[in-house]
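Visitor: I'm new here. Could you walk me through this one?
Guide: Gladly, let's have a look together.

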Amino acid sequence: MLNLYFYNYFFFLPFFLFFYFFWIFFIKNNFNTVRLQPTSNDLLKHSSIVKKINYNFFIKWSLILYIYFFLFFYFIKLDFNLFWFNHLKVNNFILNIVLVIMLISLFVLLCIKNVNNSNINYSIDYFFSIFCLIVFIPLMFFSNTLYTFIFILEVNSLLILYKFAVSKFIFKESFKKSSNYLTRRLPFYYLNMLFFQYWANFFSSTLLFVSTFNFIFLFGSSEWIAFNFLNYVNYNVYYFNNLIFFFILWISFFIGFFLKLGFTPIHLFKIEVYKGLPFISIFFYTTVYFLSFFLFFILFVIYYVNSFKIYFYFLFFIFFVTGLLYVIFLLFDVNLIKSFFAYSTIVNVLSFFSVLLSSL
């Protein structure tokens, strides 16, 4: 007989309520702005006039839901709790990290909303992708298995690709006679950004899935505790005597992870991605998205898979030296402000990387 316990599913209640009201409002708003029946005076002609949809009410409604979402994590206090068949876990330390990230996300969102937007027509899809991201990102910190983490990482990767795709803002041309004349700017960099981001996600997902399936096949589980325990046992009995195979698996895993997020030195495509994004999207990407994943990367290396550091410590050292030399050679050969932002992010990653190596 199947027994359902409330403590296994109460954690999903705020996520379910948020996405239900959020997605219903988004879908209804889009369908209400579509004219289903054509009128008799509709003509097939070229027109540059784009209907501007008011996004302020959508943002206010989303902020109300997000504040409720934030209060749920603020008032919940647990010493330690595993739920959903040990795929997720909650403790006070993770809750504090999630609250900090949610506060940063709220601050960034308010900055984007209150920026001078007299000549920009935001799309509701853009804010829809941002709110979905800032709700899905905290789930990554609650993952208790490698399989769950990869699944949440893939969902966030799809959402960030969708956010990049809808970041083509519509600008007003001030020199036109009519103030309603709008134009789309679709430069060459925008198409390059979509191309590089898509294929980077594809190859990184392939490497992550192959390495994850091999880990599950070898250990029979992907829980962090089981990972470390079985690896410590392996040090004593030498059950897995093929160390080169483990080294190759961790190389594949971290190359896929670095490629997906654009960590140094696998960041060549990131320069093209930054060139095709508007400054507002770069601001969100470098603060909320990148900071969240780098914090989880530190927890992952120091806490979750600490027993495997003998396999990837030398790999991290090679990445650090290679990325440092590459940045030094190319940092002073930058002629675009967006490329400078990309390299500044890489320099910050190298700084945190050096602290991580010293702690290991």
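**Around helix α3**

Guide: The buried residues of α3 pack against α2 (56-75), β2 (88-90), α4 (124-136) and α10 (279-304). Buried means under 20% relative accessible area with a 1.4 Å probe, protein chains only. This is a predicted model, where local features need pLDDT of at least 70, side-chain atom pairs count only at pLDDT 80 or more, and totals for chains, interfaces and linings use all residues. Residues are numbered from 1 along each chain as its sequence is written, and side-chain values use heavy atoms, leaving out hydrogens and water.

Visitor: How far does α3 reach from its first C-alpha to its last?
Guide: Helix α3 covers residues 92-113, which is 22 residues. At 1.5 Å a residue, 32 Å is expected; that expected span is 1.5 Å times one less than the number of residues. The model comes close to it, at 31 Å.

Visitor: How do α4 and α10 run, roughly parallel or roughly antiparallel?
Guide: Their axes, lines fitted to C-alpha atoms over the stretch in contact, have angles from 0 to 180 degrees between N-to-C directions. The axes of α4 and α10 come within 12 Å and cross at roughly 5 degrees. Angles under 35 degrees count as roughly parallel, so α4 and α10 are roughly parallel.

Visitor: Which residues of α10 make the contact with α4?
Guide: Contact means heavy atoms within 4.5 Å. On the α4 side, the contact is made by Tyr 126, Ile 130, Leu 133 and Ile 134. From α10 come Ile 280, Ser 281, Phe 284, Val 288 and Tyr 289.

Methods: Helix = DSSP H or I, 4+ residues; strand = E, 2+ residues; numbered from the N terminus. Parallel < 35°, antiparallel > 145°, perpendicular 65-115°, else oblique.
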